Amino acid sequence: MVQSNGAHGESDATEADTTIQAGAASGASTDASLNARVKQPDSGHHKPVIWMIAALIVVALIACIVVVNSRSRKTATPTQSDSVAIGIKLAPVSLDIRNQSGSALEQLLIGNVYEALVSRNSNNEVEPGLAKSWTISNDGLTYTFKLNEHMNFSNGDTLDATDVAWSINQLKSKQYYNSDQVENLKQASASDATTVKLTLSRPDANMLWYLSGRPGLVFDKDAHYDAKTTAVGSGPYMVKSFDSSSKLVLQANPKYWGSAHKARTTTVTVRFLPDDNAALNALTSGDVQVLSPVNANMTGKLKSSGKYTVKATEGSDKFVLAFNCTGAKTADKRVRQAIRYAINHKEIIASRGGVDAALGGPIPSVDPGYEDLTGLYPYNPAKAKSLMQQAGYSTNHPLKLTLTYANVYGSELGEQLRSQLSHIGIDLNVNTVEFSTWLQDVHTNGDYDLSLVDHAESHDFYKWTQPDYYYHYDNAQVQALYAKALAATDEQDSAQYLKQAARIVSEDAPADWLFAYRVSVAQAKGVTGFPSRLTQSVLPLWKVAYTPAKA
Amino acid sequence: MRYLIWRLIWFAVALLGLSLLVFAALRILPGDVASVMAGTNATPARVAAIRSRMGLDRSYPQQYADWLGGLLHGNMGVSAISGRTVASQIGSHAAITLPLIVLSLLVALSIGIPMGCQAALAGSPRVRSVLHTIAIVGGAVPALWGGLLLIMLFGRGVGLIGILPSQGFPDAGWHAPRAALISLILPAITTGLVAGAGIMRYTRACLISMEDSDTVAMAMACGMTRRQAMLRVGLRLSAAQLVSVAGLTFAQMITGVMVVESLFNLPGLGAMLINDVGNRDLIAVQSELFLLAAFFLLLGLLVDLMHHALDPRLGERTQHVGGEEHA
């Protein structure tokens, strides 16, 4: 302890701040041999090592930069690219389309990897699919489908009527996902190799449309594969690889049976980009050429750059603020109506970038039975206040309610609702939870006051006719009208009944429809064939192509 | 030798406790994988049917016993959702996270140790305090913010000098080693800078504490300069502590890089855990968490053993306490 002080304290009495080396050197100067040893490696033996390491790192970095730069220059070519990358927000957790929920599965696999008996176009209309034509008996109970000839799966197996009948009967017996949508379907049978007959127990106006979705998918009855990680379908694309935390890689199916939907691009990569900022970075850095959806508040720079087109697309996404119809506080219709009057939809839509559409009822604009119902509950805080007063609440004596919703929708919506409802005497406690918690507490157990969720499905009005669904909405008139709509064999009649039912639901205020989410799609110049509607539910990729601009 | 045996026994006991803790903690989470699979269209009856098909209606002790039995046989189970074995799931994600951690640690060490030495040894107090400030500020900057800055500076397509990829991992994975490595540069620098600042502070503190020690004085008495004594003897003696710090930093990074992975959209262990917890894929999550925590414990074990290797005095002390005092 003492020595170390002495070592430079005594020797350098003149200047305390001299370098340590000098201090040590003079301190040891009494012994010549030690002196010699000291001087030799002195000042600049260790220092250069440190700086050399630093310099090496810098050089290595610069080398990387040069390599990367020289690589990226080569990519600009005027011809059509053999690959396109698309960024979407929500990833399917597995590929098991028969068991696993999630609209991303339908969006990515139906029409691309798996094909259904009939298909659905971007106007939400049923079109020929594996079946080239069909007839429906006058009583609406027998559907006869004529299949295309010479069809096969990607593994080379032929696809004929036996596969179709097997797939549909399996759906019924194994209770696969959405099998309850076609509960009126009794059984399927193959009359010959290209004819399939479906027998119904009751007429169902939605049957064809549902058959264009999961219930109508046709699987290879002879193939054995792990449906969670791979797929054997008949579509224009095959699954090359899938990782739910990063991407799905689709490769054109060389054995595709059809010519109309033949893939234009060899490889389509779908990246899953849950973070809005990361997604935008991926687009601007060229990692993806299409982003669907892109946060509408972030599109300003994209539009002004001139390199991208941004379009809002219509879909069936409904942001439903459900009021528990059997809940202790929300069973009172006046409270529910007051909430609907108190919500300023314009403000909410504007804060989200102003592209979403107002929606006043349960049926979205792309579905049959749609009618503009936004006039039923216009923004009217005064009326809302008086309704709350009738129910016995005021700003001094507020009603305490809890809004439970999944954190994937962000915290802003909840805060906006809390502030808007505070003016009419509702003290809203916003509880954002994980989606799986929402599923358990709200959806399965039905234990909530207010809930908010994006119901993305099309043709899902039936949920308002099932009292055990988490809405707990029970109206015999609505149920009767819906039954009539299903039984009607004429499309116009059916839509008319739906319209009436939807109006009654909206008037009863079991929920508020905050807005119809319109997905903003951003695509780089040179991308063609990306669907312009319903991109969240049907995403046919066969015509997507990308031709990078000439450098 | 006795030390080694005791250390191993404690390791095993800790593992067992860990498995119980992980299992119990996950059962407290609301929601289950059946309702996630069934989705928003499902009726409660359908959810119940899926539950019983997946064996989720069995009692907790039974589920725990099954899981532990599997672990003892080296079988970590199969994810209920993805259908892949948990081992392959961890393997494919760790193939991104572990190289990222190693790279980050290299960056951290190559920044932290030289700068730390410099901060302790620099002649002028002004240089010392500037370096010290850098260490404190560097450690205080959140990795997320630092990463965003780096993207804005170097991210391809978005940055001022857009030269490095800032999003995702190449499609070919490690089959395209150069592209894979390049995609890890920015994330590694992001985590490395923050961790480097920490290592720099530790290095500086270690060296300063050595400054007054008898060993350094002795070395100087034998003719070394102060700088030499510090770097050759002081740093050598600090090595044990620095190894601990590096080990801890490594362990911290396993969770620490998760934020950075999500910023750079790398499908590493963080993304895997977030997905699996979100889906309530509990069989997968409990094995994954268990393995990660076991890895922590293993690192602790290795660091302890390394201490003994680096500093033989420790071994003597545990065998006959105080023996070295007499020597």
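Student: Hi! How do the elements of chain B run from the N terminus on?

Tutor: They run α-α-α-α-α-α-α-α-α-α-α-α-α-α. That comes to 14 helices and 0 strands, where helices (H or I, at least four residues) and strands (E, at least two) are DSSP runs numbered from the N terminus. Keep in mind that this is a predicted model, where local features need pLDDT of at least 70, side-chain atom pairs count only at pLDDT 80 or more, and totals for chains, interfaces and linings use all residues. Residues are numbered from 1 along each chain as its sequence is written, chains are lettered from A in the order in which they are written, and side-chain values use heavy atoms, with hydrogens and water left out.

Student: Thanks! What does the C-alpha trace of chain B span along its principal axes?

Tutor: About 85 × 60 × 35 Å. Of its 327 residues, 48% count as buried, meaning under 20% relative accessible area with a 1.4 Å probe, protein chains only.

Student: Switching to the interface: how many residues of chain B are in contact with chain A?

Tutor: 63 residues of chain B are in contact with 66 residues of chain A, contact being heavy atoms within 4.5 Å. The area buried between the two chains is about 5700 Å², and carbon and sulfur atoms give 56% of that. Buried area here is the accessible area (1.4 Å probe) lost on putting two parts together, summed over both.

Student: And which residues form a salt bridge there?

Tutor: A:Glu434 and B:Arg280, with the closest N and O atoms 2.9 Å apart.

Student: Which element gives the most to the side of chain B that touches chain A?

Tutor: α10(B), with 6 residues. That side divides into 28 nonpolar, 22 polar and 13 charged residues.

Student: New topic: which residues touch the most other members in the largest nonpolar core?

Tutor: A:Phe145, A:Leu198, A:Leu321, A:Ile339, A:Phe461 and A:Leu514, out of 153 residues. A nonpolar core is a set of buried Ala, Val, Leu, Ile, Met, Phe, Trp, Tyr and Cys residues joined through side-chain atoms within 4.5 Å. Apart from that one lies another core, of 54 residues, including B:Phe23 and B:Phe250.

Student: What is A:Phe145 in contact with?

Tutor: Leaving aside neighbours within four places in sequence, the contacts of A:Phe145 include A:Leu117, A:Trp134, A:Leu198 and A:Leu211.

Definitions and conventions
A salt bridge is a side-chain nitrogen of Lys or Arg within 4 Å of a carboxyl oxygen of Asp or Glu. Ala, Val, Leu, Ile, Met, Phe, Trp, Tyr, Cys and Pro count as nonpolar, Asp, Glu, Lys and Arg as charged, and the others, Gly among them, as polar. Buried means under 20% relative accessible area, exposed over 50%, partly exposed in between (1.4 Å probe, protein chains only).
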